[in-house]
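Let's take a friendly walk through this structure together. Have the sequence and the 3D view at hand.

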Amino acid sequence: MALIADMAVLLGKELRTEFRSRELLTTTVVFILVVVVLFSFTFDPSIGESRRFGPGLLWLSFLFAASLMLQPCFLREQNNDTLSALRLSVPDPFSIFLAKLSANTLFLLLTEVLMLPVFAVLYNLPVLPVFPQLVLVLFLGSLGVAIPGTAFSAISAQARMRELMLPLLLLPLLTPVLIASTEATGALLEANPELRRDWLGFLAGFDVVFLTAIWLFGEYLLEE
Amino acid sequence: MTAAGFTPRGIRFDNIEKRYGGLYALRRVSLEIGAGECVAFAGRNGSGKTTLLRIAARLVRPSAGSVRFFGQTGNDGQAGDGRVNPPQQAATPADVPIGFVAHATMVYDELTAEENLSLFAKLQGIAESSKRAALLLEEVGLSERRASVVRTFSRGMRQRVAIARALLNEPSVLLLDEPATGLDPEGITWLANTLGRMRDAGRTILMSVHGESEISALATRAIRLDAGSVVADTRAGSDMHAILSLAGA
Amino acid sequence: MTKSILRAAVLFALIASTAYLAFYYAPIEKTMGVVQKIFYLHISCAFSAFVAFGTCFYANLRYVFTREPKSDWLGVSAAEVGLAFITVVLITGPIWAHPVWGIWWTWDARLTLTFVLGLLYLSYLLLRSMIEEPDKRAMFSALFGIFAFLDVPLVYFSIRWWRTQHPQPVILGGPGSGLEPRMRVSYLLMWGALTGLLILLLSARYRLEALRAGVEDLRREAEVR
């Protein structure tokens, strides 16, 4: 239970720091906006075309945005050696990861939900009727991005060329998340919307696999 | 900060080795530091002082050897000489509260002094964390600025927050890595007074120092490291002067 | 030295003779024609590549738990050798696919998995080159390798479910099942020869990495003095 309590305290810290500056959220929202707008020039966004390509490029822009947004996650802890202070203070370092990946999932979900209306307008896709289902897909997908993303940001923070390293490590690994999220989103945006439970289950499975991996190996990621 | 709040502990370094790749940061360092000793580590940059302190704090894992904490030997003056460590007094590292002051401040610039301290107090499972935070802020003389974000602080004030953070858990063992860095003369005097009270209360202090100062004058023992090995170790005042002075570098 | 040259020579002779067998001893496949011959190399290389990546995963796990530099050396050697084999697989595949399927590439589960696997281990090697400190490099790349390997079944199944509407290209019923005996002999020999090549390359690369680690240590030692 100390794990959950520590996680809650740390999550509070992450949220407080972010909402004080809102640096991460604003830049990510603008980044996704730019990408979504630019993508709309690459094909004719009629409803048929949008149904075919829209979900994929939406998720691609989320993935790219995430690989940039997750960058400072552990880097921030290096400036003042606060990561050491955390390691000295919490009995189980898994709580550090849990807090960070929850915060990252929340930030991602927030920016994605903010971008949905823009996406709907630019690509003429009916988002509102299936909004709750879409949020569920966005949540499981964002969790799938944030779990390995948080782990890898601990790695890339210690590497040279870290700005390039994180996308390089993360994006190929996220192939299954991209496929599953795109398919599930696409099915919801069809003329006859369908909630694809199989893909949602797959995303949940992906999340569980990598969460377990962090639980097992997370402490090694934080070593000096 | 009363003596009652903690159990005095000594530290035993047993054949500690730390390699970074093939490079030795520490070579077979064996030391016994008795409960209540105040040890100043001297040596050039890269001599292994920081690594040794970080190993004692359990932040760095030694490549070989072990660190053990033990209870008071009861033989105050020669605590470090005897190899007395009755099993019932042996302590696992997790039982020993450690206060660590690193080169960096180890607090968040974006949070206020108060938020920082109560955050770490909560994580360390300290009851009445905000009360404890307020007490320590008063102790380090930052009560008036408690609601200011640390980013707005001067270097000296940040160091005070850093020290307050290290004292949250009533540490039995205080580890300080060049704690005087960035402090003005006034701050150094304040630090020396604070550490002096800690030492007199019976807390074990290990600190790395850079030359002689008011801080190093607190030491009851001086150890010189060179290229990762202990080259001098004394409790005699006159020898300590030679070990600590920069001329010996 | 002479011993390793001898081993390489024997292996070269073995590969050359199995290539001869594949082209002149094994009959020409009825439907695909002569282009099917590339399979002898293609499948054996794919097998070696997967064995290499499996070895890398084993070495990564072993490093995390033992922290022996040896496991790190094995990990990097296996990743590089595996990448070399998978490159051959990715080149020979389209050469076969173009005349038979009429396309160079399709996003079939096996193809995509092979491709993503190549990308993941490329990232693994890139990551290694971006971390200076040997222990840290070893630990972080080992952890990334473990994550990457866990991803393999997930990539495979996601693509399979994604592309179920596409007919699974029938490549062959696996060596042994109703295969022409002369073809089977050629397959087995080629497989043996390339497994030999895998072992030879792996051990050579491992020795090289051990030497490199030694040199790196000496250089760091010298820099400090």
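A residue is called buried if 20 or more other C-beta atoms lie within 10 Å of its own, exposed if there are 12 or fewer, and partly exposed in between. With 18 C-beta neighbours inside 10 Å, Glu178(B) therefore counts as partly exposed. Please keep in mind throughout that this is a predicted model.

You will find Glu178(B) in the loop between β7 and α5 of chain B.

Met161(A) sits in the loop between α7 (131–156) and α8 (162–173) of chain A. Is Met161(A) buried or partly exposed? With 13 other C-beta atoms within 10 Å, Met161(A) is partly exposed.

**Chain B and its helix α4**

Chain B contains 6 helices and 10 strands. Of its 249 residues, 48% are buried. Among the contacts in chain B with a separation of 6 or more, 72% are between residues 24 or more positions apart.

Helix α4 of chain B covers residues 155–167. At 1.5 Å a residue, its 13 residues should span 18 Å, and the end C-alpha atoms are 19 Å apart, which agrees. How many of the 13 residues of α4(B) are buried? The count is 10, so α4(B) is largely enclosed by the rest of the structure. Those buried residues are Arg158(B), Gln159(B), Arg160(B), Val161(B), Ala162(B), Ile163(B), Ala164(B), Arg165(B), Ala166(B) and Leu167(B).

What covers the buried residues of α4(B)? From chain B, the cover includes β6 (98–101), α2 (113–123), α3 (129–139), β7 (173–177) and α5 (185–201). Chain A takes part as well, through its α5 (82–89).

**Where chain A meets chain B: a helix pair**

Helix α1 (residues 2–21) of chain A packs with α2(B) at an angle of about 160°, and their axes are 9 Å apart. That angle makes α1(A) roughly antiparallel to α2(B). The crossing of α1(A) and α2(B) is left-handed. On the side of α1(A), the contact is made by Asp6(A), Val9(A) and Lys13(A), while α2(B) brings Leu119(B), Lys122(B) and Leu123(B). By class, the residues of this contact divide into 3 nonpolar, no polar and 3 charged.

**What chain C touches**

The contact between chain C and chain A takes 24 residues from chain C and 25 residues from chain A. On the chain C side, α4 (109–129) and α5 (134–162) each supply at least two residues. Which of the elements gives the most to the side of chain C that touches chain A? That is α5(C), with 15 residues. This side of chain C has 20 nonpolar, 2 polar and 2 charged residues.

Chain C also has a contact with chain B, which takes 4 residues from chain B and 9 residues from chain C. The residues on the chain B side of it divide into 2 nonpolar, 2 polar and no charged.

**Inside chain C: Gly75(C) and Cys56(C)**

Gly75(C) is found in helix α3 (residues 69–101), and Cys56(C) lies in helix α2 (residues 38–66). Both residues are described below by their surroundings.

| Residue | Other C-beta atoms within 10 Å | State |
|---|---|---|
| Gly75(C) | 27 C-beta atoms | buried |
| Cys56(C) | 28 C-beta atoms | buried |

Not counting residues up to four places away in sequence, Gly75(C) touches Cys56(C), Ala59(C), Asn60(C), Tyr63(C), Ser141(C), Ala142(C) and Gly145(C). With its neighbours within four places left aside, Cys56(C) is in contact with Gly75(C), Ala78(C), Ala79(C), Gly82(C) and Gly145(C).

Cys56(C) and Phe147(C) are 91 residues apart in sequence, and their C-alpha atoms are 12 Å apart in space.

Definitions and conventions: Residues are numbered from 1 along each chain as its sequence is written. Chains are lettered from A and ligands numbered from 1 in the order in which they are written. This is a predicted model: local features need pLDDT of at least 70, side-chain atom pairs count only at pLDDT 80 or more; totals for chains, interfaces and linings use all residues. Helices (H or I, at least four residues) and strands (E, at least two) are DSSP runs, numbered from the N terminus. The expected span of a helix is 1.5 Å times one less than its number of residues. Two residues are in contact if their C-beta atoms, placed from the backbone, lie within 7 Å. Ala, Val, Leu, Ile, Met, Phe, Trp, Tyr, Cys and Pro count as nonpolar, Asp, Glu, Lys and Arg as charged, and the others, Gly among them, as polar. Axes are lines fitted to C-alpha atoms, for helices over the stretch in contact, and angles run from 0 to 180 degrees between N-to-C directions. Angles under 35 degrees count as roughly parallel, over 145 as roughly antiparallel, 65 to 115 as roughly perpendicular and the rest as oblique. A crossing is left-handed if the near helix is turned anticlockwise from the far one by less than a right angle, and right-handed if clockwise.
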